[in-house]
Amino acid sequence: MVYFIGDKEFDGVKNIKLTEIKFYDFEIDLKDFDCLIISSKNALKSLMQSKSKIDFNIKVFAVGIKSANLAKEYGFKDVSYPSKSYGKELANEFLSEFKNKKCLYLRAKKISSGLNEYLLKEGVYLKELIAYENIALKPKEKIILHHPAVFVFSAPSSVEQFLKFYQLNKEDKAVVIGENTALKLNKFKNLYICKEQDLNSCIKLAKNLDS
């Protein structure tokens, strides 16, 4: 059995919904900045449904290819992303482009990448705007888990919330989308970090491990 800790549905996968996204209300003029840094697709979605003045010509730096593609779909013309989908990679690869520019960083309320701290330490002009929050939920009814199983986690918060109500058995396997999420399970032996920072790839890996 494969369990995904989230609400996106996949064939042959059981969902355990323990978090939900809350978009914040805000208003900002992108023309006041030279570049826009986005931490996820949720940051972009929050921006597009806000009352902000959108400048589609602003230079956009996305943490990963999925966020970059969504930015292009929305109409942003100049979009870049790092070779690996991590905040530290984004900071390292594009640091020279951030220097001497006014940067707006759209982010979640709780973050673990340290991207903001690194850029501020390097003297980058960075305005942080909290665009959304990952709200913890209690399960409406506790699901009886069937072990051994493969569990897919897409964020550190999903691991934290899962462990409040459930536990992993030693014969279970855990698939995570990135290094920050993996840190929450660093004592668990059967841990697999997906090579591609993509949820579909995580599900594919989980199904292969379950077969």
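Ser 85 counts as partly exposed because its relative accessibility is 22%, where buried means under 20% relative accessible area, exposed over 50% and partly exposed in between (1.4 Å probe, protein chains only). This is a predicted model, in which local features need pLDDT of at least 70, side-chain atom pairs count only at pLDDT 80 or more, and totals for chains, interfaces and linings use all residues. Residues are numbered from 1 along each chain as its sequence is written, and side-chain values use heavy atoms, leaving out hydrogens and water.

**Ser 85**
- Ser 85 lies in the loop between strand 6 (78–80) and helix 3 (87–98); helices (H or I, at least four residues) and strands (E, at least two) are DSSP runs, numbered from the N terminus.
- Leaving aside residues up to four places away in sequence, Ser 85 touches Val 63, Gly 64, Ile 65 and Gln 197, contact being heavy atoms within 4.5 Å.

- Five strands form an open sheet in the order 2-1-9-10-11, with parallel pairing; two strands pair if DSSP finds at least two bridges between them.
- Strand 2 (13–15) and strand 11 (191–193) are the edge strands, each pairing on one side only.
- Strand 1 (residues 2–4) runs parallel to strand 9 (residues 150–153), joined by three bridges.
- Phe 4 stands opposite Val 152 in strand 9.

**Packing on the sheet**
- Helix 7 (residues 199–210) packs on the sheet and touches strand 1, strand 2, strand 9, strand 10 (173–176) and strand 11.
- The direction of helix 7 makes about 170 degrees with that of strand 9; axes are lines fitted to C-alpha atoms, for helices over the stretch in contact, and angles run from 0 to 180 degrees between N-to-C directions.
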